[in-house]
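Here are some notes to read alongside the model. Have the sequence and the viewer open as you go through the points.

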Amino acid sequence: MNNRLVAVILAAGQGTRFKSSRAKVLHPLLGRTMIGLTLDTVRALKPERIVVVVGHQKDEVERAASGPGVVFAHQAKRLGTAHALLTARPALRGRPAADVLVINADLPLLRPATLRPLIARHRRRKNALTFMTAELADPTGFGRVLRGTEGLRIVEEREASASERALREVNAGVYVFRASDLLRFLPRVSNANRKGEYYLTDLIAILEERGGKVGLYRTQHPDEVVGINTRWELARAAAVLRDRKLRALAEAGVGLADPATTWIDLEAAVGPDTTIGPGVVIEGRTRIGAGCRIDPGVHLKDSVLADGVEVRAACVIEGCRIETGAGVGPFARLRPGTVIGAGAHVGNFVEMKKADFGRGAKAGHLSYLGDAEVGADVNIGAGTITCNYDGVNKNRTVIGEGVFIGSGTELVAPVRIGRGAYVAAGSTITKDVPPDALAVARARQVEKPGWAARRRAKRRPTT
Ligand code: UD1
Ligand code: CA
């Protein structure tokens, strides 16, 4: 634990520029929220306590941010970043010697390694305040850093003159304060500016005027300073995180055919020698083993794939488990609760839901298996359908080991097919079938010789 460090994350704002009914900090990037990513970064610095200032959609933000060592401060009205920090004061009292890291919640690209030198410099210089700056090619939207005769200042973009706007060194939105100075001078910030808000950045001038030592730390990683204010900036930041994730996977032995169209959530894991085709999306806590093949256009979510699994093109798989060496697709849809056994084969246009599909079993084409237990080495013919819903309840179908289900069969659940049984093609099975039996459940065929010819003759058009 970093005993002298307290962190404050400012996350009360609505994010007006997002034009969203959801608070800005709750928007997702690669399966995580903006606030969640900021928290991860801060947590890596091991502060003794993290204060998250919440306001807009307070309950939802608290839910997303709660965890060990996190306390919340409530900013009832959004009156600016200095006002937000005021609400965190009770959490700082009794720790005058602490360093207080204050960070905007909209900086999801910042890494802990980028923050550490800021804190180190603050301590080395014994400053009252040290803030992070970055030199940006396009500084639009950021507060600009002025280094005038009277010392350091930050001017917000809307208050800046044309020449000030031309400055490219910006305030990153990360500050380290000595707690005693922060507690003392924060209440002196006024809201006499164009927006009528209490700007945290005004503390720089206030501290300097009172003889407090203020310094800046210009980061070597300006690409991590994003301060997301719009959905477009969010999308761009997500692409940066995506590249970081894909690069780490590639370095760990994962084959990527087309990084530009591959999206793998931050929490997903992929084993070495697995190859991933173009247009693949892997979401949530998906775990993929080694030596798998994921073909183009596959969408995987919250699923576990063992080693050597092949998923052919255009499958949608959510909440499933696929055991070693199984093959799925192309065009299969596996819905939550489905388990595909080792070496099993699920082919084209097969849908499963809550199906336990045994090892070595096969369903090659055009089937629906829902609420079903399918034993090992079962063969499911094309067009087999479990009729699992009777309009009120979901019912189970249980198919024993080694069963052969002929094509075009309907299994009206609840129903059991005993091990080793055969079901004739085109059957509608409504009763249990004993083991090793043959079940035929269809009308007998009738032929009427000459019927078609007579019909044609009768309907021959008159001229
Ligand atoms: C802020 C800085 C600007 C800096 C930029 C970096 C100020 C006045 N300006 O501007 O100098 O270059 O960040 O990205 O600080 N918040 C609250 N309560 C409020 C207002 C905001 O908690 O009343 C939170 C927001 O949720 C957000 C953070 O503070 O996480 C920053 O607010 P934002 O509106 O994004 O500030 P910027 O205009 O980007
Ligand atoms: Ca911002």
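1. Start with Val6, which counts as buried because its relative accessibility is 0%. Buried here means under 20% relative accessible area, exposed means over 50%, and partly exposed is in between (1.4 Å probe, protein chains only). Val6 belongs to strand S1 (residues 2-10); helices (H or I, at least four residues) and strands (E, at least two) are DSSP runs, numbered from the N terminus. Asp99 is 93 residues away from Val6 along the chain, yet their C-alpha atoms are separated by 6.2 Å.

2. A word on the ground rules. This is a predicted model, where local features need pLDDT of at least 70 and side-chain atom pairs count only at pLDDT 80 or more, while totals for chains, interfaces and linings use all residues. Residues are numbered from 1 along each chain as its sequence is written, chains are lettered from A and ligands numbered from 1 in the order in which they are written, and side-chain values use heavy atoms, with hydrogens and water left out.

3. Now the metal. Which protein donors does the calcium ion (ligand 2) have? They are Asp106 (OD), Gly227 (O) and Asn229 (OD1), lying 2.3 to 3.1 Å from the ion. Donors are N, O and S atoms within 2.8 Å of the metal (3.2 Å for Na, K and Ca), and since water is not among the atoms, sites may look incomplete. Along the chain the donors follow the spacing D-x120-G-x1-N.

4. On to ligand 1, which has 24 residues around it; Leu10, Gln75, Thr81, Glu156 and Asn171 come nearest. A residue is near a molecule or strand if one of its heavy atoms lies within 4 Å of it. Helix H3 (81-86) and strand S10 (169-178) each supply at least two residues of this shell.

5. Gln75 places a polar side-chain atom 2.7 Å from a nitrogen atom of ligand 1, and a polar side-chain atom of Thr81 lies 2.8 Å from an oxygen atom of the ligand. With Asn171 it is a backbone N or O atom, 2.7 Å from an oxygen atom of ligand 1. Taken alone, ligand 1 exposes 750 Å², and the protein buries 92% of that (Shrake-Rupley method with a 1.4 Å probe; for residues, only the protein chains shown count as cover).

6. Two cis peptide bonds to check. One joins Gly329 and Pro330, with omega about 5 degrees; Pro330 is in the loop between strand S24 (327-328) and strand S25 (333-334). Another runs from Ala413 to Pro414, with omega near 0 degrees, and Pro414 lies in the loop between strand S35 (410-412) and strand S36 (415-417). Most residues other than glycine have a negative phi, and most peptide bonds are trans.

7. Positive phi next. Lys46, which is not a glycine, has phi near 55 degrees and is found in the loop between helix H1 (34-43) and strand S4 (47-54). Asp436 has a positive phi of about 65 degrees, again without being a glycine. Is Asp436 buried or exposed? It counts as exposed, because its relative accessibility is 64%. Look for Asp436 in the loop between strand S38 (428-429) and strand S39 (438-439).

8. Helix H1 is mostly covered, with 8 of its 10 residues buried. Among them are Met34, Ile35, Leu37 and Val42.

9. Finally, some buried loop residues. Asn395, in the loop between strand S32 (385-387) and strand S33 (397-399), counts as buried because its relative accessibility is 15%. Its side chain makes a polar contact with the side chain of Asp390 (3.2 Å); a polar contact is a pair of N or O atoms within 3.5 Å, where within protein one must be able to donate a hydrogen and the other to accept it, and residues adjacent in sequence count only if both atoms are side-chain atoms. Ser303 is buried too, with a relative accessible area of 0%, in the loop between strand S19 (299-301) and strand S20 (304-305).
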